[in-house]
Amino acid sequence: MNKNRIRLLQTGIDKKGAVVYWMSRDQRLYDNWAFTFAQGLSRERKEPLTIIFCLQNNFLGATIRQYGFMLRGLHELELEAAKYNISFRMLIGSPENVIPQFINEIDAGVLITDFDPLKIKRVWKRDTAKKIKIPFYEVDAHNIVPCLYASNKEEFAAYTIRLKINKLLPEFLDEYPKPEAAKNNADLRLCKNDWDKIWGSLTVDNSVKEVDWIKPGETAAAETLADFLQNKLLKYNEARNDPTLNGQSNLSPYLHFGQISAQRVALNALKYFPSEQSESFLEELIVRRELADNFCYYNTLYDSFLGFKDWAKLTLNNHRADKREFIYSLEEFESAATHEELWNAAQNELVNKGKMHGYMRMYWAKKILEWSQSPEEALRIAIYLNDKYSLDGRDPNGYTGCAWSIGGIHDRAWAERSVFGKIRYMNLNGCKRKFDVDEYIMQNKKADLLL
Ligand code: FAD
Ligand code: FO1
């Protein structure tokens, strides 16, 4: 595997002992470079290999909707890993305590984890590294071109990172090795996780119900990909901007939880379709998604007004005192109680389905900017609602999507207008020109009206 995916976070003292893969972002066994690297070390060192996942309560405000999707996927993973004689252990608590404790308990020899640009994950790793003495590696198993290798700085826009990524794709868009049954795991008893205890350990918001239109786990993710390639990819370019059609791939919940690899998605798209037919899809899947990781890694203010570019802060500040025709509170937004039926329908889709159509997300966030007290308040509300209700929330794509919509990140200045300043504007008439607004409103009634 390409060594440029691997980063040594801490050298530590090289010693005998089990190889531990601390799985976090990439919650899958197949097509997972972090697992591949761990399995290689286990074979090389003739040491047992175990996978651990540290379940943290209240991760960035996640509700039972997201935890349910994640835990069902991890349960499937436990069963799959057992087929390769590899134990998958769920640990409960804060990683910086629980991981070092586990490492010491089994006297492990080396720790591997997967890459994630979010601040919370970087703090987990920093605090864990301080408490362990063994070598600690990080593998970028999420990006096709490793985030830190694609660029060493915050990129200005898609066109700047696209050049860098496309040049490196031939080196990184390679096939994955198959996982092999573990030879050295004889002495590592396969642990059976107590899933009742795991579910019972969650003290999270249960009011945001799990959804049933999408099935969690690696198998369902692969089926969703196959269905998308067979039946939707060729129409993707036109269909993807019409929220009344089901034209998107619906892969984002699986990509967010790492239940499918973006590299697998790209490899299969290119295997079955000539690149010009999958071009617009791959632009989103590769360039836009990897640009989001770049933004969150190099701009730690990715969830703040302060993270916007100077031109955007200036223009929004110049229009801070503009009269807002409407101003809504978080509660009014959350209950889809604005004056605009289209916006309310988008909020209903988010609450009911846990996944708002990509085109509507831009419009939805921009209206929050238009109808909030301030850009800071708008960003806070957009992130809060997106993370609370969306299956794919708490993701670099989401922080970047909100910053694009409200702060013009990766976008340019547009004709100046009230409240928005030079931030790109979107409105109801623009939507009417794009798709059948009444149809979308009809499709996305308030949940209680559906009963
Ligand atoms: P498809 O159109 O089938 O795209 C396939 C994949 O390409 C997506 O899963 C995603 O990984 C990537 N992709 C597509 N569009 C974008 C984009 N604009 N930016 C980055 N990657 C993209 N995406 C999330 O994963 N989580 C979020 O929380 C999220 N919040 C958003 C909030 C706002 C305000 C905006 C404007 C966009 C947000 N996005 C988010 C990006 C995008 O809307 C979703 O990735 C996409 O709608 C997911 O549905 P899909 O997988 O069916 O998309
Ligand atoms: N990652 C973990 O390592 N442990 C968790 O307990 C955990 C909970 C969680 C809940 C909701 C959610 O959307 C993500 C969650 N993640 C957790 C992180 C996730 O695996 C992704 O790594 C990031 O959110 C995306 O960068």
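Student: How many bridges join strand 2 (residues 19-23) to strand 3 (residues 49-55)?
Tutor: This is a predicted model, in which local features need pLDDT of at least 70 and side-chain atom pairs count only at pLDDT 80 or more, while totals for chains, interfaces and linings use all residues, and side-chain values use heavy atoms, with hydrogens and water left out. Residues are numbered from 1 along each chain as its sequence is written, and chains are lettered from A and ligands numbered from 1 in the order in which they are written. Strands (E, at least two residues) and helices (H or I, at least four) are DSSP runs numbered from the N terminus, and two strands pair if DSSP finds at least two bridges between them. Strand 2 and strand 3 run parallel, and the number of bridges joining them is 5.

Student: Which residue of strand 3 is the bridge partner of V19?
Tutor: V19 falls within strand 2, whose residues are 19-23, and strand 3 covers residues 49-55. In strand 3, the bridge partner of V19 is L49.

Student: Which strands are the edge strands of the open sheet?
Tutor: The open sheet has 6 strands with mixed pairing, and their order is 1-6-5-2-3-4. An edge strand pairs on one side only, which is the case for strand 1 (6-10) and strand 4 (87-92). The twist from one strand to the next averages 25°. The edge strands are therefore strand 1 and strand 4.

Student: At about what angle to strand 3 does helix 3 (residues 95-105) run?
Tutor: Helix 3 lies across strand 2, strand 3, strand 4 and strand 5 (110-114). Axes are lines fitted to C-alpha atoms, for helices over the stretch in contact, and angles run from 0 to 180 degrees between N-to-C directions. On that scale, helix 3 runs to strand 3 at about 155°.

Student: Is I106 buried, exposed or partly exposed?
Tutor: I106 sits in the loop between helix 3 and strand 5, and, leaving aside neighbours within four places in sequence, I106 is in contact (heavy atoms within 4.5 Å) with A18, V20 and T50. Buried means under 20% relative accessible area, exposed over 50%, and partly exposed in between, with a 1.4 Å probe and protein chains only. Because its relative accessible area is 24%, I106 is partly exposed.

Student: How far apart are the end C-alpha atoms of helix 17 (residues 375-389)?
Tutor: The expected span of a helix is 1.5 Å times one less than its number of residues, so the 15 residues of helix 17 should span 21 Å. The distance between its end C-alpha atoms agrees with this, at 21 Å.

Student: How many of the 15 residues of helix 17 are buried?
Tutor: The buried residues include P375, A378, L379 and I381, and what covers them includes helix 2, helix 13 (310-318), helix 14 (330-334), helix 15, helix 16 and helix 18. Helix 17 is largely enclosed by the rest of the structure, because its number of buried residues is 11.

Student: How many nonpolar residues are in the contact of helix 17 with helix 18 (residues 396-407)?
Tutor: The axes of helix 17 and helix 18 come within 10 Å and cross at roughly 145°. In the contact, residues including A378 and L379 of helix 17 meet residues including Y399 and C402 of helix 18. Ala, Val, Leu, Ile, Met, Phe, Trp, Tyr, Cys and Pro count as nonpolar, Asp, Glu, Lys and Arg as charged, and the others, Gly among them, as polar. The contact has 2 polar residues and 1 charged residue, and its number of nonpolar residues is 9.

Student: At about what angle do helix 15 (residues 341-353) and helix 16 (residues 358-370) pack?
Tutor: Two packed helices are described by the angle between their axes and the distance between the axes. The axes of helix 15 and helix 16 are 10 Å apart, and the angle is about 115°.
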